[in-house]
Amino acid sequence: MTMTHELSTLPTVARRPGRPGPRRRLRRAVVAAVAGLLAVSGTVVAATSAEAAVPSSFTLTGSGFGHGVGMPQYGAYQMARQGSASWSILQHYYSGGKVAWKDTTGNNILVQVYGKDPLGRSGYGDSRTTTTVTVRGGDWRLADEDGKTLASGSGTETFAVTVTAGGRSRITVNDKRYYDQLLRITWSGTRYYKPTGKTAVATVSGAHGSYKHGRLTTTAHGGVPNITNDVLLNTEYLYGIAEMPSSWGLNGGLSALAAQAITARSYVMTKPLLAACRCNVVDDVRDQYYSGWKKESEGTDARYGKVWKKGVDATTSSRTRARVLTYGGNAVAAHYYSSSGGRTANSEDVWSSKIAYERSVSDPYSKAAPGNSYASWTRTLTQSQARALFGLSNVQSIKVTAKWSSGQARTLTATSSTGKTATVTGKADTIRSTVGKRTTAGSMPAAWITKITAVS
């Protein structure tokens, strides 16, 4: 308005034919300048508006916890509470699987409780070149591979375990050193030493559990002590599996505990003896979490431990006959996890291999189970984390544009303020890891992402 007013008061100037006069030329120049300013002004306004539309963060809402293949433990718990038997639970979650009675004669299990990872996996296993074994509450004995007693005693005793330069196991006890390729520590109250004697318990520095049952065998592997516990499958091993809350058995979930015991037994029955560790399984998430006496004695007066044992015992008819999850007549290595987001996953949608008995099935039970804190969860992705995840200059919106049959996210598509798009796509466990590590929490419980909300 002001500029228009100024143009109307310019003085009159003589003009040449065929060429705009100074006043018209000036008027055109000013109009052009104004148009240019308006154009620039429009660009600034548009950019400011687009910039204002870029959110500061995104809230990812989801459900479930874990990879999604096989039995969700909360789902099993809810099915048990609704009256399902252990075999019914397993046959629901493992397509075509059958629960059968099998002969388990001779199923002694060697569990590595200390040592290097037997498969050479990075980030797993122990690397310290020395550890200790402590026996408390009874009598103890140190023997060689042939059973010859090297030392014995009573009361609390600590054994220093290390490896010699020549690769032999070395145990120091009572200031004396004993060397051999294989040495064994036993304690009273076990089937290996003074079965009717005082109940003693052994612990290993750096291990997850404590051990009332079994015997500890020390060897050497890669310059690190390798210690295994030799236990019976149906009782001494399964009594110590800490994969499901024992308290569930007091709240209508005893058959869920039994289902967990069956899957744990079936898994171990598929595991051959590995030469590197002289073990069938290790004691953590690489196989199954084995805490031994800690699980069996859990709670005041072992209240919870007794419930877990009751669940295990419900799956056996004798010391050498027990229920096993099978497919095609053979025991299977069944996967399990905490809870699903409403439907389990096909194995090949999460990892790579297609496993016939691990097919996607409906799971309305996990979300309905009491105490499931992962029935719904949220994670935060800041603007800078979103830019890093998708490689865009800014991220205006994120959507789940493709899903696996389980409902787990397969592809996430981000759009910038300029309309440019970028995607992150992959197997469900890859999505969980890739997106999760970019969030403020540094991880994501599962790939069941139900909603993504922009936060200004």
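I started with a charge over a ring: Lys309 lies over the face of Tyr239, 4.9 Å from the ring centre. My test was NZ of Lys or CZ of Arg within 6 Å of the ring centre and within 35 degrees of the ring normal. I also found Lys295 over the face of Trp308, at 5.2 Å from the ring centre.

A note on the source. This is a predicted model, where local features need pLDDT of at least 70, side-chain atom pairs count only at pLDDT 80 or more, and totals for chains, interfaces and linings use all residues. Residues are numbered from 1 along each chain as its sequence is written, and side-chain values use heavy atoms, without hydrogens and water.

Next, the core. I took a nonpolar core as a set of buried Ala, Val, Leu, Ile, Met, Phe, Trp, Tyr and Cys residues joined through side-chain atoms within 4.5 Å. Buried means under 20% relative accessible area, exposed over 50%, and partly exposed in between, with a 1.4 Å probe and protein chains only. The largest nonpolar core has 65 residues. Met71, Tyr94 and Phe159 are among those with the most contacts inside it. Helix α6 (residues 254-269) gives the most to this core, with eight residues. I read helices (H or I, at least four residues) and strands (E, at least two) as DSSP runs, numbered from the N terminus. Apart from this core lies another of 26 residues, including Leu60 and Trp404.

Which residues form a disulfide? Cys277 and Cys279 do, with sulfur atoms 1.9 Å apart; the cut-off is within 2.5 Å. The structure holds one disulfide. The link is left-handed, with -75° about the S-S bond. Cys277 is buried at 1% relative accessible area, and Cys279 is buried at 0%.

Then the aromatic pairs. I counted rings of Phe, Tyr and Trp (its six-membered ring) with centres within 6.5 Å; planes under 30 degrees apart are stacked, over 60 edge-to-face, and the rest tilted. The whole structure has seven such pairs. Tyr74 and Trp248 form a tilted one, 5.0 Å centre to centre with 55° between the planes. Tyr74 lies in helix α3 (residues 73-81) and Trp248 in the loop between α5 (233-237) and α6, so the pair ties together parts 174 residues apart in sequence. Both residues are buried. Ring pairs link Tyr74, Tyr77 and Trp248 into a cluster.

I looked up one more pair. Tyr327 and Tyr357 are tilted, 5.7 Å centre to centre with 45° between the planes. Tyr327 is partly exposed at 35%, whereas Tyr357 is buried at 12%.
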